[in-house]
Structure formats: structure tokens, C-alpha cells
Amino acid sequence: MSNDNLIKMANQIAQYFASQPDQEQAVLSVRNHLQMFWAPSMRKELLAWQTEHHGENLHPLVQAAVTGAGWEA
């Protein structure tokens, strides 16, 4: 899958959970969604992108989800 598609999908997930009043819960919700519904290869590609590009073009909730404790690529 292309990086552009991964970023777009991850950002859409983050936008959905961004309405939660508790930002910590929103980050956990994004992380849980990615870990439950994305293949390990997709999570590894997203983490590699985030690391290489310092989160460029990623919603802040996605950045926090993939760099925080508990992330499994």
C-alpha cells in the first residue's frame, strides 16, 4: 500500500476520534483501532514514515498513537 494511502487512512481515523473530549482517550482509541484493524505490515510502514518524516502530514493523534507507550508495529 502506498504511504499516501496509509497517511490518509490514519488521518481519517484520527479525525473521527478527535471529537472525544479526553485527548488521552482519543490517542488510545486511534492506537487501538490501528492495532486491531491494520495488518502488522501497515503499522510498520506507518511507523517508518512517522520516524523518517517526523510526523509530517500526520494528524497529531496519529503521531501520539504511534510514538507512545503500548504501540506495537
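This is a predicted model: local features need pLDDT of at least 70, side-chain atom pairs count only at pLDDT 80 or more; totals for chains, interfaces and linings use all residues.
Residues are numbered from 1 along each chain as its sequence is written, and side-chain values use heavy atoms, leaving out hydrogens and water.

**Overall build**

- The protein has four helices and zero strands; these are DSSP runs, numbered from the N terminus (helices: H or I, at least four residues; strands: E, at least two).
- Along the sequence, the pattern reads α-α-α-α.
- The C-alpha atoms fill a box of roughly 30 × 20 × 20 Å, taken along the principal axes.
- Of the 73 residues, 36% count as buried, meaning under 20% relative accessible area, with exposed being over 50% and partly exposed in between (1.4 Å probe, protein chains only).
- Among contacts (heavy atoms within 4.5 Å) with a separation of 6 or more, 66% come from residues 24 or more positions apart.

**The nonpolar core**

- In soluble globular proteins, nonpolar side chains tend to be buried together.
- A nonpolar core is a set of buried Ala, Val, Leu, Ile, Met, Phe, Trp, Tyr and Cys residues joined through side-chain atoms within 4.5 Å.
- The largest one here holds 20 residues, and Val30, Leu34, Trp38, Leu46 and Val62 touch the most other members.
- Two or more residues come from each of α1 (3-17), α2 (23-37), α3 (40-53) and α4 (60-67), and α1 gives the most, with six residues.
- Leaving aside neighbours within four places in sequence, Leu34 is in contact with Ile13, Arg43, Leu46, Val66 and Trp71.

- Not counting residues up to four places away in sequence, Asn11 touches Asn57, Leu58, His59 and Val62.
- Gln50 lies in helix α3 and also counts as buried, at 11% relative accessibility.
- Not counting residues up to four places away in sequence, Gln50 touches Gly55, Leu58, Gln63, Val66 and Thr67.
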